[in-house]
Amino acid sequence: MSRELPRTDWTRPEIAALFDLPFTELLFQAASVHRAHHPATEVQLCTLLSIKTGGCPEDCGYCSQSVHADSGVEATKLMDVQAVLQRAAQAKDAGSQRFCMGAAWRNPKDRDMPAIAEIVKGVRAMGLETCMTLGMLEPHQAAQLADAGLDYYNHNIDTSPERYNEVITTRTMDDRLATLGHVRAAGINVCSGGIVGMGETREDRVGFIHTLATLPQHPESVPVNALVPVKGTVLGNMLADTPLAKIDDIEFVRTVAVARITMPMSMVRLSAGRESMSEATQALCFMAGANSIFTGDKLLTAANAGDDKDAAMMAKLGLTPLVGEEPIRACKAANNAAGSLVESC
């Protein structure tokens, strides 16, 4: 596998040129980059659990958990620690390697942090990777999560900087990037991606990828979501009954491929929207460098493909679950410790 450090100086014209490549050439380049940095046929299986649902004060136009949405999602309190650990054990039994937990908060309160830390420690004790998405963080909260052993923190940038305030008005792109900075400074791996199919242009998709690919250090995980239009949300009401509600499959695959080329060492995850994709579209995404999926019957509030369906698809495609620690992540940890590249990469 390649030992070269990934570029962080991509320009928008360079990224736009990748999007414009003939489709088969783009897939060839993405597949070549993928094989240089990752096992070609292994896919990480992740499970996502909502540990605190609904009642979020943010006005994200895509989100059914916002208090501004009329989606029928009822607000709940933070789940009991043991209840979360039971669900984590079930996810591990089903083959997941990473357990991701989301709470519908603008930001966690300090009073919530002890329970969150206990959850992280309990899930890690099972041998699962841990990921949390709790909203915006203060530096001391990121440090608490790091002390608890959190492996990944998810905080998506959602879309391009230019379109951000058309989707969300209660926070800014700079707010998102500040939290990513706090997470990185605390020594936690970053998980950050976004949503396509929100009526954005290709230029917006270029801007979305550019923002992530020019961070000082690429996110270790990059989720690429296809919008699931939920009636009662701003975007759901606008797009649910229009062709824009579902991004063109080839354009979605192009987005995955460009993410893989520009962020070669990252795990690129097929996230929301996969339940409506054909096996052929998903196969193209894996060819384009996607190597992580959310499995199970449910994401936070949206339906998902399900374990049995995913197992059948992976068997058909000759894909196998990623086993053990992802090799590049181990390499990067060694690099961070040594301060330079090491031969084992």
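A crossing of two helices is called left-handed if the near helix is turned anticlockwise from the far one by less than a right angle, and right-handed if it is turned clockwise. This is a predicted model, in which local features need pLDDT of at least 70 and side-chain atom pairs count only at pLDDT 80 or more, whereas totals for chains, interfaces and linings use all residues. Residues are numbered from 1 along each chain as its sequence is written, and side-chain values use heavy atoms, with hydrogens and water left out.

**View 1. Overview of the protein chain.** The secondary structure of the chain comes to 13 helices and 10 strands, where helices (H or I, at least four residues) and strands (E, at least two) are DSSP runs numbered from the N terminus. Of its 345 residues, 55% count as buried, a word that stands for under 20% relative accessible area, with exposed meaning over 50% and partly exposed lying in between (1.4 Å probe, protein chains only). Among the contacts in the chain with a separation of 6 or more, 76% join residues 24 or more positions apart, a contact being heavy atoms within 4.5 Å.

**View 2. Helix H2 crossing helix H10.** The axes of H2 (residues 23–37) and H10 come within 9 Å and cross at roughly 35°, and this crossing is left-handed. Axes are lines fitted to C-alpha atoms, for helices over the stretch in contact, and the angles run from 0 to 180 degrees between N-to-C directions. On the H2 side the contact involves Phe 23, Leu 26, Leu 27, Gln 29, Ala 30, Val 33 and His 34, which meet Ile 250, Val 253, Arg 254, Ala 257, Val 258, Arg 260 and Ile 261 of H10. These residues divide into 10 nonpolar, two polar and two charged, where Ala, Val, Leu, Ile, Met, Phe, Trp, Tyr, Cys and Pro count as nonpolar, Asp, Glu, Lys and Arg as charged, and the others, Gly among them, as polar.

**View 3. Helix H10 beside helix H11.** The axes of H10 (residues 249–262) and H11 (residues 279–287) come within 9 Å and cross at roughly 20°, and the two helices are therefore roughly parallel to each other. Angles under 35 degrees count as roughly parallel, over 145 as roughly antiparallel, 65 to 115 as roughly perpendicular and the rest as oblique. H10 passes H11 in a right-handed crossing, with Asp 249, Ile 250, Phe 252, Val 253 and Val 256 of H10 making the contact with Thr 281, Leu 284 and Cys 285 of H11.

**View 4. Ile 250 in helix H10.** Ile 250 is found in H10 and, at 34% relative accessibility, counts as partly exposed. Leaving aside neighbours within four places in sequence, Ile 250 is in contact with Phe 23 and Leu 284.

View 5. Asn 156 lies in the loop between strand S4 (152–154) and helix H6 (164–167), and counts as buried at 13% relative accessibility. Its side chain makes a polar contact with the side chain of Asn 154 (2.9 Å), such a contact being a pair of N or O atoms within 3.5 Å; within protein, one must be able to donate a hydrogen and the other to accept it, and residues adjacent in sequence count only if both atoms are side-chain atoms. Asp 158 lies in the loop between S4 and H6 and counts as buried at 2% relative accessibility; Asp 158 has a positive phi of about 75° although it is not a glycine.
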